[in-house]
Amino acid sequence: MKDTITLSVFRGDHTGGEERSYDVPVTEGMVVLDAVHYIQQHLAPDLAVRWNCKAARCGSCSAEINGRPRLMCKTRLDVLGEGVIHVRPMKSFPVIRDLVTDVSWNYRVARQIPGFTPAHPAPFVMHQVDVERSQEFRKCIECFLCQNVCHVLRDHDLKSRYVGPRFMIKIAELEMHPMDTVDRIDFTQKDAGVGYCNVTKCCQEVCPEHIHITDNAIIPMKERVADEKYDPVRMLVRAIRGR
Amino acid sequence: MAQAVTPQASSPARPREVPWWAQPLATVVALGVFSLYALWEALTHTSGRYHNYLSPFFSPDVHSWGVRVLPALWVLWVPLLFRATCYYYRKAYYRSFFWDPPACAMPDAKPNYRGETRFPLVINNLHRYFLLLSFVVLAFLWKDAVDAFFFRSGFGVGLGSIIMLVNVVLLTVYSLSCHALRHLVGGRLNCFSCSRGAMVRYSLWKRITEWNERHAMWAWMSLFSVWITDLYIRLLISGAIHDPRFIR
Ligand code: SF4
Ligand code: SF4
Ligand code: FES
Ligand code: FES
């Protein structure tokens with residue numbers, strides 16, 4: 001590893017901007033967020049960056065490092081090679097300033113999902129076999145890297161039609177809960193827009209919590225929607241039974 | 001000190017050992033060459049039988065049932081639709097052929113995107129039916145694999161017998177690792193602990209989940225095994241090679 005490394009960091013806001021390069025002295029085990037902090041402390045005190053835990057737990061420091069969505073606090077400089085490191089804000093959300101984006105759309109989506117409605121009030125006796133699917137989904141740290149990389153939101157800006165992978169795991173978690181009583185299948189198809197996902201798995205590739213978003217949440221939800229909305233035999237059986 | 005540089009190009013350099021286009025290119029080449037081979041095989045031959053060996057392209061043996069016109073086409077529509085609607089192959093062709101997207105964080109090729117919400121791609125939601133049909137074909141392929149060990153002189157093991165057995169095993173694992181099957185056996189349940197039957201389904205679901213983690217690998221291995229099995233039998237029929245017999 002070299003003694004200094006050059007970071008090319010986006011400076012600007014939603015109206016535009018440009019990358020500026022900064023030389024940063026390298027120390028053992030340094031991560032991109034350390035380098036950005038060095039810039040903030042020594043070279044550009046007005047550089048805006050959102051962070052909190054520096055331990056890949058809070059999900060605040062999401063950015064695009066050399067074009068790849070990653071957590072800045074979890075990306076070591078030594079895995080990025082010796083060239084210039086480009087650091088840009090997440091592409092799918094409006095830039096507030098520099099590396100800080102406005103992710104509030106996600107919170108609005110979260111409020112639209114019909115909430116947990118148990119058959120009777122807690123506490124419940126829960127068996128491990130029934131909770132292990134949702135335990136995986138609850139590892140989510142809401143970094144929104146999956147939302148950022150999803151081409152439905154990133155390239156086509158179909159935010160009004162598709163809730164994105166982070167909220168598909170939320171819906172799956174609620175739907176697979178044995179105590180929940182709400183049917184979200186119609187919501188999943190029409191409002192959440194599960195049909196917009198084409199299972200290309202980029203969300204799963206970038207998730208820092210290694211949640212199998214596509215395999216364990218989206219595909220199972222597509223299959224549940226197929227049961228009710230596309231499977232002709234099941235539809236016929238339901239029609240005969242009058243449900 | 002800080003200095004202005006030109007804005008980053010749209011496809012920045014990535015910290016990867018392999019360039020982004022390597023995977024789509026490999027997929028296009030593999031699926032493209034296989035499709036051309038399959039077309040040649042199906043359109044220019046009327047039978048895939050060599051004594052007790054039957055090519056998977058011609059099984060079930062509709063030729064012996066009296067179908068004389070392009071018998072392979074009567075067979076191949078099932079595996080074709082099964083694979084075309086498979087969740088793994090969907091990922092593969094959306095990325096590699098449609099470029100929707102070609103690689104993660106790379107721009108999509110086309111501006112108008114509707115995903116799987118419209119015809120024809122909405123048909124992918126019927127994958128479960130093509131899975132069931134493929135189990136019918138699989139039953140014939142198991143029968144063929146058993147027949148491949150019974151020569152005119154009785155039981156024996158030839159290289160072809162082994163190839164046909166490996167092929168049907170790989171096809172079986174590929175089918176049993178299917179996402180739709182995973183859903184049917186247990187994924188659709190919310191409560192596994194609620195009954196004894198649900199716990200049995202949970203065990204099955206767990207097992208399929210393990211196989212499903214390697215679904216892409218089984219998809220490719222079984223595609224290549226079908227290809228190798230057919231090519232081997234085609235070469236036997238043409239007389240270009242002889243079948244080594246290990247046990248007579
Ligand atoms: S798999 Fe679906 S949700 Fe995930 S990135 Fe791809 S299109 Fe988006
Ligand atoms: S699912 Fe993974 S990538 Fe998406 S918000 Fe949660 S932790 Fe981040
Ligand atoms: S600072 Fe908390 S995840 Fe990076
Ligand atoms: S998902 Fe691939 S065979 Fe069903």
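Pro60(B) is placed in the loop between β3 (53–54) and α2 (71–84) of chain B, where helices (H or I, at least four residues) and strands (E, at least two) are DSSP runs numbered from the N terminus. The peptide bond that leads from Ser59(B) into Pro60(B) is cis, with omega near 5°. The model is a predicted one, in which local features need pLDDT of at least 70 and side-chain atom pairs count only at pLDDT 80 or more, while totals for chains, interfaces and linings use all residues. Residues are numbered from 1 along each chain as its sequence is written, chains are lettered from A and ligands numbered from 1 in the order in which they are written, and side-chain values use heavy atoms, with hydrogens and water left out.

Pro123(A) belongs to the loop between α2 (104–112) and α3 (128–137) of chain A. Another backbone feature is found at Asn66(A), a residue other than glycine whose phi is positive, near 50°; Asn66(A) lies in the loop between β3 and β4 (68–71) of chain A. For context, most residues other than glycine have a negative phi, and most peptide bonds are trans.

Turning to the ligands, ligand 1 sits in the largest cavity. A cavity is a set of points, on a 1 Å grid over the protein atoms alone, where a 1.4 Å probe fits but cannot get out, and a molecule sits in it if more than half of its atoms lie within 2 Å of its grid points. Ligand 1 is surrounded by 13 residues, the closest being Cys150(A), Tyr162(A), Cys197(A), Lys201(A) and Cys203(A); a residue counts as near if one of its heavy atoms lies within 4 Å. This shell has eight nonpolar, four polar and one charged residues, and α8 (202–206) and α9 (213–229) of chain A each supply at least two of its members.

Finally, Lys54(A) and Asp34(A) form a salt bridge (a side-chain nitrogen of Lys or Arg within 4 Å of a carboxyl oxygen of Asp or Glu), with their closest N and O atoms 2.9 Å apart. Lys54(A) lies in the loop between α1 (32–43) and β3 (62–65) of chain A and Asp34(A) in helix α1, so the pair ties together parts 20 residues apart in sequence.

Conventions: 1 Å grid on protein atoms, 1.4 Å probe; cavity = no way out; pocket = protein on both sides within 12 Å on 5 of 7 lines; lining within 4 Å. Nonpolar A, V, L, I, M, F, W, Y, C, P; charged D, E, K, R; others polar.
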